Amino acid sequence: MKIKLKQIPLLPLLIIAFLLIIALLSLYSLLSSGGMKPYIIKQITRIVIGFIVMYFVLILDIKLFKKYAYLLYFGSLLMLVVVAVMGR
């Protein structure tokens, strides 16, 4: 399966990037008193990982999601129950 970058919708990616920039600026303004570097580095790392995961999800075939939809749904429900029970 070959995907071209033209097929990936650009507007949602730009909106997400804009919101992430606003979030980073908010974090910067909150932590402007000093010692902000570790928090900014952690946040940027999470943003980069999120974009990488989002890219791979975008290039997956929708048939793959349809094939494993029930498994993903019940796996998510199971994780919610585990967090509710063990999270206290």
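Student: How many aromatic pairs are there, and what counts as a pair?

Tutor: Rings of Phe, Tyr and Trp (its six-membered ring) pair if their centres lie within 6.5 Å; planes under 30 degrees apart are stacked, over 60 edge-to-face, the rest tilted. By this rule there are 2 aromatic pairs. Tyr55 and Phe56 have ring centres 5.7 Å apart and planes at 70°, so they are edge-to-face. For Tyr73 and Phe74 the centres are 5.2 Å apart and the planes again at 70°, so this pair is edge-to-face too. The model is predicted: local features need pLDDT of at least 70, side-chain atom pairs 80 or more, while totals for chains, interfaces and linings use all residues. Residues are numbered from 1 along each chain, and side-chain values use heavy atoms, without hydrogens and water.

Student: Which elements supply the nonpolar patch?

Tutor: Nonpolar side chains (Val, Leu, Ile, Met, Phe, Trp, Tyr) are joined within 5 Å, like charges within 9 Å. Helices are DSSP runs (H or I, at least four residues), numbered from the N terminus. Helix 2 (37-59), helix 3 (62-67) and helix 4 (69-86) each supply at least two patch residues. Phe65 of helix 3 is one of the patch residues.

Note on methods: Patches are made of residues with over 30% relative accessible area and no salt bridge: like charges are joined within 9 Å, nonpolar side chains (Val, Leu, Ile, Met, Phe, Trp, Tyr) within 5 Å. Accessible areas come from the Shrake-Rupley method with a 1.4 Å probe; for residues, only the protein chains shown count as cover. A salt bridge is a side-chain nitrogen of Lys or Arg within 4 Å of a carboxyl oxygen of Asp or Glu.
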